[in-house]
Amino acid sequence: MERLQRLDSIGLDPDPQAGNPLDYLGLLAQHQLPVSTGWVLGAQVWGQVWQHLMQANPALEAAIATLDRQNFITLQRVSQQAQRSFQVIGLPPDLITDLASWPYSTWLLRASLDTDVRTQELLPPQVGSHPHQTLALALHQFWGQLFTARSLVVWQYHQQSLQRLPLTTRVLPLSPILAAGTLRLRGDRGEIQAVLGLDLPLSRGEAWPARCHFLLPLADTLVWQPGFQEEIYEVGARVAPGVQVSQRPMAELVDPLSADQLQQLIDLGQQAQAVFQHQSPSPYPGCLTGLDLEWWLCPQTTAPGWQFLLTRVRPDYGDQPVSRHGGLTTKLVAAPALPGVTTVIQGIGAAAGQVEGIAVVARRSQDLPTPLPPHAIVVLPDLQPRSEEHTSELQSPCNLVCRLLLEKK
């Protein structure tokens, strides 16, 4: 596995190969904080895959580079052509050979971009397992999402060439997970979000996490705001490897973590924050304003009990640029806080993630107002074009998804 680099071998570097989000996680691993085991395929690996594709189909690069994202028919044609070519050509043979020695039965693929593009909305995390597929096949399917119509629009909007895309891919071995979520620290304030099992329901928009707000130092009592979760993604099957989905008897999600677990998680977040607060050299020592962590709560493998594992970290340096990669300066921008949930509406999202806006509800696309309000969230039984004169507003589900992706910043 020469191309797979161990996460704990990655440190904060002025010119990172793996992308800042993973550099920061590697830094925590070097400081002996509990980071999930994982390997990284650097951006240079994706570059080799792209070159392999271009050698087999050189006309594809020009078609993508000159794409008119306002022309829905051309967009779909180029996207379908790119996906077919990638499907037929596959990965470079030497990469497939290199990945054949992957020893774990179940894994999770996560993408990381050293840009301001919201990676999980275009490349959502993907689970795979033996004997259903190999790691090489899973990676091929995972990277194939780069050529969907909505992805091509976003890359062009951000003036990001697929050839120079700073894409790194993390491969995480999966074992049983009790709960998962996020921890957000800003000064003496913090927020924890949690769901039971693997955190796939969050990235897929299938659950509303339970939330706990707190002030430091902690008070004796912490109050949870209930969430909503109908299904649990459980890792480490009793019969076969992989991830199984089980139904919860009640959808309301209350107290997913105990008081001891809450305290340990907050302590862990403060330890991680101290690492970045005093980190030298660079990027901006003394400018840290907060920290965002993603975590898993896992059972101990050698003794009864549990442990937290950090899976992603994003230090917040306020308005300071945190990296320069290929001439593109990026900033870590905190997502706006969303209001507490009072009504749960079930449905299928056209795009993953969270967004705050005006909900426009209609029974038919023809009944939608013209023009749509800025940052509108369209709720329909089905997504279809309204009429030819409105194609610029809502040509297809793909265009609606892309518009939401670009406006959710």
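Q: What stands opposite W39 in β5 of this predicted model?
A: In this predicted model, the residue of β5 that stands opposite W39 is V171.

Q: What makes β2 and β5 a pair of strands?
A: Pairing requires at least two bridges between the strands. Strand β2 (residues 39–41) and strand β5 (residues 167–173) are joined by three bridges, and therefore count as paired. The two run antiparallel.

Q: In which order do the five strands of the open sheet lie?
A: The order is β1-β2-β5-β3-β4, with antiparallel pairing.

Q: Why do β1 and β4 stand at the edges?
A: Each of them, β1 (4–6) and β4 (126–129), has a single partner strand, so one side of each is left without a neighbour in the sheet. On average, neighbouring strands of this sheet are turned by 30° against each other, direction ignored.

Q: Which strands does helix α7 touch where it packs on the sheet?
A: Helix α7 (residues 135–144) touches β1, β2, β3 (106–113), β4 and β5. The direction of α7 makes about 35° with that of β3.

Q: Why is I89 called partly exposed?
A: The range for this term lies between 20% and 50% relative accessible area. I89 has 24%, and is therefore partly exposed. This residue belongs to helix α4 (residues 72–89).

Q: Which residues is I89 in contact with, leaving aside its neighbours within four places in sequence?
A: They are H52, L53 and A56; contact here means heavy atoms within 4.5 Å. As for H52, its C-alpha atom is separated from that of I89 by 8.3 Å, and the two residues are 37 residues apart along the chain.

Methods:
Residues are numbered from 1 along each chain as its sequence is written. This is a predicted model: local features need pLDDT of at least 70, side-chain atom pairs count only at pLDDT 80 or more; totals for chains, interfaces and linings use all residues. Side-chain values use heavy atoms; hydrogens and water are left out. Helices (H or I, at least four residues) and strands (E, at least two) are DSSP runs, numbered from the N terminus. Axes are lines fitted to C-alpha atoms, for helices over the stretch in contact, and angles run from 0 to 180 degrees between N-to-C directions. Buried means under 20% relative accessible area, exposed over 50%, partly exposed in between (1.4 Å probe, protein chains only).
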